[in-house]
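Please open the model in a viewer and keep the selection panel at hand.

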Amino acid sequence: MTIDPRSHTPVYVQLADLLREKIESGELPAGSTVASEARLAQEYGIGRDAVRMAISLLRSEGLVNTMRGRGTLVREAPARRQVELPGGGRVIARMPSGAERRRMQLDEGVPILEVHGPQGDVELLPGDEVELIRP
């Protein structure tokens, strides 16, 4: 797999696509470390800024986490629990605020679901950990 610097697709998007393909194929399994910025820049012949942008894109998609001192790791898919949507209820999917992300300990790129009950009650749920079902 190579990156084409003459392509109309930015090199950081090409790198993100290559890494995403490796993650989805299992070549980079959950919990594994993605190569360092310097290594990726050298391997693909692109600048470190482009590598940072590619990793940032994958982080925003919820595919990787970056931890100081540990590098970039492929994110484990969380176990999903079933949540029953009450009759007359509705759901709004949105991105969390910074405070909500910290309070709910959400990874970057993970949406939240606002479950509005028929009595006006609202429950916030992490979008990657729940499966909504109707009775």
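Helices (H or I, at least four residues) and strands (E, at least two) are DSSP runs, numbered from the N terminus. This is a predicted model, in which local features need pLDDT of at least 70 and side-chain atom pairs count only at pLDDT 80 or more, while totals for chains, interfaces and linings use all residues. Residues are numbered from 1 along each chain as its sequence is written, and side-chain values use heavy atoms, with hydrogens and water left out.

Traced from the N terminus, the order of elements is α-β-α-α-β-β-β-β-α-β-β-β. Next, display the C-alpha trace, which spans about 55 × 35 × 30 Å along its principal axes.

Now select residues 11-25, helix α1, together with residues 37-44, helix α2. Their axes (lines fitted to C-alpha atoms over the stretch in contact, with angles from 0 to 180 degrees between N-to-C directions) come within 12 Å and cross at roughly 110°. The two helices are therefore roughly perpendicular (65 to 115 degrees) to each other.

Which residues of α1 and α2 meet? Show side chains for L15, L18, L19 and K22 in α1, which are in contact (heavy atoms within 4.5 Å) with L40, E43 and Y44 in α2.

Terms used
Angles under 35 degrees count as roughly parallel, over 145 as roughly antiparallel, 65 to 115 as roughly perpendicular and the rest as oblique.
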